[in-house]
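Please have the viewer open and follow along.

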Amino acid sequence: MLNLKISLHTVSYSGFFYRGEPLSIKDIILRLSDFGYDGVELMAKRPHANPVDLDEKSRKELRELAESHSIELANLAAYNDFSGPDQFKRELNLLYINKVLELARDLDIPTVRVFAAGMKDVDPTLPYWKQWELCREGLCEAAKWAEEYGVTLALQNHPPIIESFKDTIEMIEEVGNDALKACIDPELLLWSGDIDPYSENLEEKLLEIYNECKGLLVFVHVGDSIVRPRKTLWLPGGGGSKLKAERVERTVLGEGTFGIIAESFIKTLKRINYNGFLSYEICSPRYVKHTLIDFETLDREVSRGVKYLKDLISKV
């Protein structure tokens, strides 16, 4: 029997993307229990689950708190970057991943989300193939530790370097360690152009993608966004030269591009028998009338998000 569960990524309550203070992990767990979530995905950095901030006692208390409120510790989200010419920076990222994996083991968390090259542009002084090689080396080393700790790494289809779900699959194949699996998010499929939300064969394309990675899929994020009128970028040198770039903004779950593909996406997960978490995340700024939302608005949207997803799952 299919068992899709809903978690929330604590980055949503980090204080990064709304007007207000961050919530503690304890306060988040209490809220999620009240809202009807099944689990929580912990952000493995401050203000939440930075490994250096959680001693043995804190880890035990966190496990007990989550268990007492029937909230599963679904995933630990790492923020690593194995790219770039700076060897010491890459070594620091390896040390960080090692500590995150240790934390996952201590908290009985089965998966750790990883990037290949962080979330921003890579250093332009190295060619793409070299960046790929460095990321592969970092993931190879991380996967060996994951195997030792009994934890699975979930490589997200998140740029840079990983520019498509196919890159995610190819990187996993090149690393060649069963401790490295995939986190293929539908919103990133939209951003990368892997799927077109308005395509007549959307459902067929989603099934093709998730069938290709179903043996690797261990975690999935969901979120929603809209595309604003294109931003103008004026080129240096004068002459009035300009480019137009899309401006992507967070929106209420179900009211943006994810809302267009939502039913087809859930139907696809059911068809490939995905039994795991869908982790809702509000992971970039959200504006209402050009003003960053306040805490109360965010809190309502988190509460609404789990209801939307559970209704969607039962409907499809």
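In this predicted model, helices α4 and α5 are oblique to each other, because their axes cross at roughly 60 degrees and angles from 65 to 115 degrees would be needed to count as roughly perpendicular. Helix α4 spans residues 128-149 and helix α5 covers residues 165-175, with the two axes coming within 9 Å. The crossing of this pair is right-handed.

Which residues make the contact between these two helices? From α4 come Tyr 128, Trp 132, Cys 135, Arg 136, Leu 139, Cys 140 and Ala 143, while α5 contributes Asp 167, Glu 170, Met 171, Glu 174 and Val 175. Sorted by class, the contact of α4 with α5 holds 8 nonpolar and 4 charged residues, with no polar ones.

Now move along the chain to a second pair. Helix α8 runs over residues 257-271 and helix α9 over residues 295-315. Their axes come within 9 Å and cross at roughly 55 degrees, so α8 and α9 are oblique to each other. The crossing of α8 and α9 is right-handed.

On the α8 side, Phe 258, Gly 259, Ala 262, Glu 263, Ile 266 and Lys 270 take part in the contact. Facing them from α9 are Tyr 308, Leu 312, Ile 313 and Lys 315. By class, the contact of α8 with α9 has 6 nonpolar, 1 polar and 3 charged residues.

If you wonder what to note for each pair, two packed helices are described by the angle between their axes and the distance between the axes.

Terms used
Residues are numbered from 1 along each chain as its sequence is written. This is a predicted model: local features need pLDDT of at least 70, side-chain atom pairs count only at pLDDT 80 or more; totals for chains, interfaces and linings use all residues. Side-chain values use heavy atoms; hydrogens and water are left out. Axes are lines fitted to C-alpha atoms, for helices over the stretch in contact, and angles run from 0 to 180 degrees between N-to-C directions. Helices (H or I, at least four residues) and strands (E, at least two) are DSSP runs, numbered from the N terminus. Angles under 35 degrees count as roughly parallel, over 145 as roughly antiparallel, 65 to 115 as roughly perpendicular and the rest as oblique. A crossing is left-handed if the near helix is turned anticlockwise from the far one by less than a right angle, and right-handed if clockwise. Contact means heavy atoms within 4.5 Å. Ala, Val, Leu, Ile, Met, Phe, Trp, Tyr, Cys and Pro count as nonpolar, Asp, Glu, Lys and Arg as charged, and the others, Gly among them, as polar.
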